[in-house]
Amino acid sequence: MIRQPETTIFSYLQYSFESLYIAPMLFNLSQLFMKRNWIRVIDANYLSVLAGFYLKMKLNKIICQISLLMPCLILSGCSDVWNNPYPDSDSGKNILYNAFAERPKHLDPVQSYSSNEILFTAQIYQPPLQYHFLKRPLTLIPQTASKMPVVSYQDDNGVQLPPNSAGAHVAYSVYEITIRSGIFYQPHPAFAQDKHQHLLYHALTRQDIQTVQKISDFEHTGTRELIADDFIYQIKRLAHPRLHSPIFGLMADYIIGLREYAETLRDQDKTQPQNSFLDLRKFPLAGVERIDDYTYRIRIKGKYPQFIYWLTMAFFAPVPWEADHFFSQPGMAEKNFTLDWYPVGTGPYMLTENNPNQIMVLERNPNFKGEYYPDEGMPEDMENGLLRDAGKALPFIDKIIFSREKESIPYWNKFLQGYYDASSIGSDSFDQAVQITGQGEAAITEEMEAQGIRLGTEVAPSTYYMGFNMLDPVVGGRTPEEKAAARKLRQAISIAVNYEEFLTIFANGRGIAAQGPIPPGIEGYHEGEAGINPISYEWHNGEVRRKSIKQAQALLAEAGYPGGISRRTGKPLVLYYDVTARSADDRSIMDWMRMQFQKLNIQLVVRSTDYNRFQDKIRKGNAQIFEWGWNADYPDPENFLFLLYGPQRKVDNSGENAANYDNAEYNRLFEQMKNMEHGPERIQIIDRMVAILREDAPWLWGYHPKIFALYHAWYQNVKPNRMAYNTIKYYRINPELRDQKRHEWNTPVVWPIGIGIVLLIIILFPARAAYRRKEQHRILKNR
Amino acid sequence: MLNYIIRRLFYAIPILVGVNLITFALFFVVNTPDDMARMHLGTKHVTEEAIWKWKQEHGYNKPLLYNNVAYGIEKFTDTIFFEKSVSMFAFDFGRADDGRDIAHEIQSRMWPSLAIALPVFLLGLLAYITFALIMVFFRATYIDFWGIVLCVMLMSISSLFYIIAGQFLIGKLWHLVPISGYASGLDATRFLLLPIIVGIISSAGANTRWYRTLFLEEINKEYVRTARAKGLSENIVLFRHVLKNAMIPILTGAVVVIPLLFLGGLITESFFGIPGLGSYTIDAIQSQDFAVVRAMVFLGSLLYITGLVLTDISYTFADPRVRLE
């Protein structure tokens with residue numbers, strides 16, 4: 001039940017004024033203090049004044065109540081919940097409250113790549129494909145596409161090849177994508193037309209937009225249907241000379257003619273006035289072809305099955321040329337009116353307020369239609385109520401308010417008060433939120449359960465590892481003999497560094513020790529005995545067990561360092577661990593790491609530096625041992641295995657292979673595997689590659705982090721998915737329950753105000769009495 | 001006085017150039033233009049070509065301070081330092097590295113900063129001077145003694161503790177105000193209440209002690225004895241005579257910070273979610289946005305110099321004997 005404001009405030013005021021009854025007690029105490037000469041100023045006058053005050057207060061109780069009530073009413077804005085950070089008018093509305101810590105740098109779909117940016121763009125832009133919300137392992141389904149792309153292969157002469165052609169024979173892959181008709185853009189002034197169907201705001205001058213402060217200040221808006229040309233336009237934007245698409249380099253290696261296209265645009269841009277509209281429609285791109293209004297083709301070099309995953313990302317979402325032209329008009333950029341700031345899409349939501357310093361608001365796109373909640377999922381989804389909305393039109397939530405919360409403490413506390421609908425769990429609040437059961441399972445604490453909070457966990461498609469620089473003579477080796485010895489050394493260290501212990505001590509068990517580079521949920525990851533790393537682990541009584549330190553010591557001796565002493569030089573083995581600048585809190589992690597190496601009598605020297613210098617060391621190959629991590633772009637083992645592919649070496653090729661690992665057999669298998677379709681044959685090759693890596697141990701495999709998230713009872717249809725970000729359209733909120741809980745949890749506690757005022761009065765009275773006494777004393781003295 | 005002000009403004013130019021040079025040197029010792037490009041382009045799939053393109057577009061593809069390959073004066077002018085600094089003196093702060101207009105950001109963010117800093121400054125000044133005068137009035141009594149003990153205690157606690165404790169007690173336990181956040185217009189009041197209270201309390205110890213020391217120095221002077229001899233009450237002696245004569249040191253400390261109030265508080269704004277200039281500066285440092293860091297440091301130095309000039313001018317009002325020539 002919601003409490004009536006009057007009842008709440010007056011009952012608390014009543015309570016606070018009852019505190020005045022402590023006055024007689026104070027009387028007695030002060031008399032006692034006086035008798036013992038503990039206080040000098042409080043004299044009989046003060047006591048009589050206090051008594052008088054007490055009586056007066058009793059008589060004037062109602063007047064005082066009202067006077068105290070005033071600031072309270074100002075505080076509350078006449079509401080019975082005072083700490084609500086949102087306007088009262090939003091109560092009971094179908095709004096999702098979320099937070100973001102870091103302001104997004106880019107909202108242009110050709111540039112946004114970080115998770116904090118995709119969080120917004122994924123709700124606004126609609127690429128051709130998306131991940132199924134419920135199915136696991138992750139499954140691709142159409143989004144704006146009417147069906148899955150039709151992929152065909154061609155040889156050098158453009159002759160069609162059979163669908164199962166081997167990668168070596170394929171010169172070109174063609175992706176034919178057909179989109180649904182009847183998809184419309186969000187209402188936007190870029191589409192507004194006059195009665196002659198001419199675009200209304202496409203010949204603006206600086207003067208025209210002088211008074212415009214935000215996009216909503218434009219009086220008219222319009223829309224138009226999504227067509228294939230918009231997808232083509234966006235692919236061309238990857239090569240735009242004024243935009244920095246993070247995937248341009250990668251895509252230029254695949255999409256036919258994209259690199260040359262960038263040069264053409266760069267030349268054209270030089271001939272145009274600065275920042276003027278560069279009309280990409282005038283310049284054809286060889287690798288992209290329009291078939292009709294709803295069909296287009298992308299032609300890429302060779303066979304690259306992973307390309308289909310890129311079609312789920314905003315890089316391949318449609319962008320209307322009208323938006324690009326609209327924002328390129330004079331004076332727009334000075335007012336921060338850019339596509340990077342105000343996205344224009346066809347998705348379920350549109351950005352209506354963009355103040356990334358404080359708040360970002362997404363509201364339902366009135367033109368969005370044609371998507372429905374999935375009617376099939378995993379067996380447990382029915383039991384978890386995740387299929388209750390099957391077949392219903394999306395989205396369910398009207399508005400999403402993202403508030404900027406830079407610090408974790410206020411975010412956590414506001415979540416507990418019901419002002420955020422979900423929260424991650426920081427290490428500070430872990431014990432408050434999660435308890436580990438006797439079986440080692442993580443469960444929500446009773447306190448959280450009483451609030452109706454649920455816990456969701458998921459192993460992220462990420463890996464955190466400790467890498468060895470294979471170019472280093474000690475841990476990598478130069479001659480074949482040195483390399484063999486270094487391999488034994490790395491294997492010994494792999495056994496000694498106990499990541500299970502690391503996760504328990506430093507991560508509250510939020511992660512699983514990695515057995516290789518591939519995390520769970522990705523093809524090539526195996527559960528149980530088949531999935532263990534035989535170099536560091538053994539299977540014992542149905543459980544995985546880390547090998548003993550004696551086995552590590554034996555390997556170390558074989559490497560030429562018996563007891564941690566170099567057989568060649570007679571000196572203790574010293575290794576160098578490069579890390580980014582650490583806070584005082586992380587010192588214990590470094591100490592723990594030293595202890596792990598100490599098990600083998602190896603001295604570990606930690607070289608801490610800032611992130612820029614650290615990156616510089618890695619690029620130049622000056623680090624010996626380092627820590628690094630990788631979040632997957634897409635759920636395919638290729639996206640992890642390429643991190644150790646020879647031609648990706650950091651030092652030679654500025655690639656992503658930070659360990660500079662180069663194994664001819666592994667490289668050959670990688671080239672074979674990356675072009676293959678999913679299937680048992682591919683898994684066999686992946687297994688072989690992982691076995692090579694385990695044997696060579698260029699990384700300590702580290703761990704795959706486990707994400708813990710908390711959800712309030714009113715937050716429904718939540719199924720964690722670390723790869724897809726466009727899932728808000730599936731979520732549902734029960735605003736009535738949220739309002740009820742917020743009132744229950746946030747009743748203002750007014751008595752401290754009363755106590756504060758009473759204390760102030762108690763302090764002022766002796767001061768006043770002392771002042772009078774002092775004045776009288778001075779006058780008498782002067783006489 | 002006008003000549004004095006003009007002279008002081010001219011003195012400001014070399015100071016600003018110096019500050020700009022030091023900021024530039026310190027920033028680029030830690031971050032090279034390549035580092036900045038990498039920070040902005042992200043950690044994945046960053047090619048050398050993309051880095052070069054970013055540097056070229058943002059004007060970081062030139063030498064830092066001295067251009068060997070240029071001729072004549074261009075050896076100095078065709079550099080990052082010159083090109084990035086000259087426009088600042090025309091108050092053209094340019095664009096942040098993410099493309100957004102810095103002047104526009106400063107204009108919109110200075111008001112939330114001011115909304116906290118101004119009440120903290122004014123109410124704090126009033127509270128600290130009042131407490132200091134009370135302690136002086138009760139000097140050598142238990143009030144003075146325990147007052148100093150309290151001040152030392154307040155000084156000994158980190159400002160972060162006040163913020164966390166304030167949020168915990170007032171926001172979380174008592175539910176009296178929102179823990180963090182901000183709103184425009186009058187609705188901002190309820191968000192500002194807690195940071196203002198925390199701001200005043202966190203500085204109370206040091207400031208009250210400082211003002212107490214100032215007043216104690218004055219209290220034994222001859223004019224005070226004369227005033228007392230005339231039979232004036234102690235409060236008149238304190239509030240009319242001592243306070244007035246202690247104005248010069250008070251103004252020295254107070255007026256100089258007035259222009260700086262626009263710049264906001266770094267930690268306070270982060271914890272309370274206030275979208276002010278303090279959090280803007282912190283964000284810029286974290287994202288290695290030199291354009292914003294440089295603009296904020298320049299603005300800070302300019303406002304500090306303005307504060308010093310204003311302090312000098314305020315002396316003439318507080319003490320008629322002071323002449324600015």
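Chain A has 783 residues, and 37% of them count as buried; buried here means 20 or more other C-beta atoms within 10 Å of the residue's own, exposed means 12 or fewer, partly exposed is in between, and the C-beta atoms are placed from the backbone. This is a predicted model, in which local features need pLDDT of at least 70 and side-chain atom pairs count only at pLDDT 80 or more, while totals for chains, interfaces and linings use all residues. Residues are numbered from 1 along each chain as its sequence is written, and chains are lettered from A and ligands numbered from 1 in the order in which they are written.

Staying with chain A, the secondary structure comes to 25 helices and 25 strands. These are DSSP runs numbered from the N terminus, H or I over at least four residues for helices and E over at least two for strands. Of the contacts in chain A between residues at least 6 apart in sequence, 70% join residues at least 24 apart. A contact means two C-beta atoms, placed from the backbone, within 7 Å.

Next, some backbone details. Most residues other than glycine have a negative phi, and most peptide bonds are trans. The bond from A:Arg136 to A:Pro137 is cis, with omega near 0°, and A:Pro137 sits in the loop between β2 (129–131) and β3 (140–142). Another cis bond runs from A:Leu394 to A:Pro395, with omega near -5°; A:Pro395 is in the loop between α11 (379–383) and β11.

Two residues have positive phi without being glycine. A:Asn336 has a phi of about 60° and belongs to the loop between α10 (321–327) and β9 (349–355). For A:Ser654 phi is near 55°, and the residue is in the loop between α21 (650–653) and α22 (664–674). A:Asn336 counts as partly exposed because it has 17 C-beta neighbours inside 10 Å; A:Ser654 has 14, so it is also partly exposed.

Now the interface. How many residues of chain A are in contact with chain B? There are 45, and they meet 48 residues of chain B. Elements supplying at least two residues each on the chain A side include α7 (248–252), β11 (399–404) and α12 (408–416). The most comes from α25(A), with 6 residues. By class, the chain A side has 15 nonpolar, 16 polar and 14 charged residues. Nonpolar covers Ala, Val, Leu, Ile, Met, Phe, Trp, Tyr, Cys and Pro; charged covers Asp, Glu, Lys and Arg; the others, Gly among them, are polar.

On to chain B. An unreviewed UniProt entry lists residues 110–314 as "domain: ABC transmembrane type-1". UniProt positions are in the numbering used here, feature names are shortened, and annotations may be inferred rather than shown by experiment. That span, 110–314, is 78% helix and 0% strand, with its end C-alpha atoms 24 Å apart.

Last, a helix pair. Helices α1 (residues 2–30) and α15 (residues 290–318) of chain B pack at about 150°, axes 9 Å apart. Axes are lines fitted to C-alpha atoms, for helices over the stretch in contact, and angles run from 0 to 180 degrees between N-to-C directions. The angle therefore makes α1(B) roughly antiparallel to α15(B); under 35 degrees is roughly parallel, over 145 roughly antiparallel, 65 to 115 roughly perpendicular, and the rest oblique. Their contact has 13 nonpolar, 3 polar and 2 charged residues.
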